[in-house]
Amino acid sequence: MRVVCLVPSLTEALAVSLPGVLVGATDWCSHPAGLDVIRVGGTKNPDVARIVALAPDLVVANEEENRVPDLAALRAAGLGVLVTEVRDVPQAFRELARVLEACGAPVRPRWLDEAQDAWAALSPPSRRVTAVVPVWRRPWMVLGRDTFAGDVLARLGVDHLYTGHTERYPRVTAEELRAAAPDVVVLPDEPYRFTADDGPEAFAPLPCALVGGRHLTWYGPTLGEAPRVLGAAVRAALGGRPGD
């Protein structure tokens, strides 16, 4: 089986579960470290000709990460394309199982069962807190409706304030975000790389939780540790809340 993957989190899942099956991945497919495959451009601008030249049996994509015209061009070239959709945690597990099966996995990998068990074992949070979750700066963009990351946070007792917005990633000014007065601002390090020196100053004096994008937005092997790691980051920002 020869697979090209255009989704960083699925690339990691395939690489750790089916060593040798990947022949191509995007420039943004950063994990696992040292992944040695042909790079085929970005998630939004893949090199279709290079992918075709690799003669994969399957191209794995995602309806949010990848563009319809690129996927159509791959299909027109005669390649099989599997398109995933992930809007919440249960769907992530279903789609991971579907991708791994389509790529020839003889059994479910242990990490997938362990990750599913970790989420199933979550106790209902003793209290809920509100958040805004910027994902970009210049212009400011935040999590809106129907996102995987939003569902991840909700299951940890963190309700982001734009979940009812008509857009999935609305543009909102920093002034409006501050005025919304969330309990916490959650700042991931991707797609925009928020850091201690780039992001929190825009929301002072609101508490900010700096989190890894792989734990908040990736659906792959990091799913197993995401509840613990994200929960700890939010609790630290809030001085022990939520759940304590």
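Contact here means heavy atoms within 4.5 Å. The exercises below use a predicted model, in which local features need pLDDT of at least 70 and side-chain atom pairs count only at pLDDT 80 or more, while totals for chains, interfaces and linings use all residues. Residues are numbered from 1 along each chain as its sequence is written, and side-chain values use heavy atoms, with hydrogens and water left out.

**Exercise 1. Describe the surroundings of Ile38.**

Step 1. Ile38 is found in strand 3. Helices (H or I, at least four residues) and strands (E, at least two) are DSSP runs, numbered from the N terminus.

Step 2. Not counting residues up to four places away in sequence, Ile38 touches Val23, Gly24, Ala25, Arg50 and Leu54.

Step 3. The relative accessible area of Ile38 is 41%, and the residue is partly exposed. The classes are buried under 20% relative accessible area, exposed over 50%, and partly exposed in between (1.4 Å probe, protein chains only).

Step 4. Thr26 is 12 residues from Ile38 in sequence, and the C-alpha to C-alpha separation of the two is 8.3 Å.

**Exercise 2. Work out the order of the open sheet of 5 strands and say which strands stand at its edges.**

Step 1. The order is 3-2-1-4-5, with parallel pairing. Two strands pair if DSSP finds at least two bridges between them.

Step 2. The edges are strand 3 (38-39) and strand 5 (81-84); each has a single partner strand, so one side of each is left without a neighbour in the sheet.

Step 3. Strand 4 (residues 58-62) and strand 5 run parallel and are joined by 4 bridges. Within this pair, Asn62 stands opposite Thr84 in strand 5.

Step 4. Helix 3 (residues 68-76) packs on the sheet and touches strand 4 and strand 5, its direction making about 155 degrees with that of strand 5. Helix 4 (residues 89-102) also packs on the sheet, touching strand 4 and strand 5, at about 170 degrees to the direction of strand 5. For these angles, axes are lines fitted to C-alpha atoms, for helices over the stretch in contact, and values run from 0 to 180 degrees between N-to-C directions.

**Exercise 3. Is Gln91 buried or exposed, and is Val68 buried or exposed?**

Step 1. Gln91 has its place in helix 4, and Val68 in helix 3.

Step 2. Gln91 counts as buried, at 15% relative accessibility. Leaving out residues up to four places away in sequence, Gln91 touches Glu85 and Val86.

Step 3. Val68 is exposed, with a relative accessible area of 66%. Between Val68 and Lys44 there are 9.7 Å in space, C-alpha to C-alpha, and the two are 24 residues apart in sequence.

**Exercise 4. Describe the open sheet formed by 4 strands.**

Step 1. The strand order is 9-6-10-11 and the pairing is parallel.

Step 2. Strand 9 (158-160) and strand 11 (208-211) stand at the edges with a single partner strand each, so one side of each is left without a neighbour in the sheet.

Step 3. On average, neighbouring strands of this sheet are turned by 35 degrees against each other, direction ignored.

Step 4. Strand 6 pairs with strand 9 in the parallel sense over 3 bridges, and His160 in strand 9 is the bridge partner of Ala131.

Step 5. Strand 6 (residues 129-132) is joined to strand 10 (residues 184-188) by 2 bridges, and the two run parallel. Val132 stands opposite Val185 in strand 10.

Step 6. Helix 9 (residues 226-237) packs on the sheet, where it touches strand 9, strand 10 and strand 11; its direction makes about 155 degrees with that of strand 11.

**Exercise 5. Which side chains do polar contacts join to the side chain of Arg137?**

Step 1. Arg137 lies in the loop between strand 7 (134-136) and strand 8 (141-142). Arg137 is buried, with a relative accessible area of 14%.

Step 2. A polar contact is a pair of N or O atoms within 3.5 Å; within protein, one must be able to donate a hydrogen and the other to accept it, and residues adjacent in sequence count only if both atoms are side-chain atoms.

Step 3. The side chain of Arg137 has a polar contact of 2.8 Å with that of Asp198 and one of 2.7 Å with that of Glu201.

Step 4. Leaving aside neighbours within four places in sequence, Arg137 is in contact with Tyr192, Phe194, Asp198, Gly199, Glu201 and Ala202.
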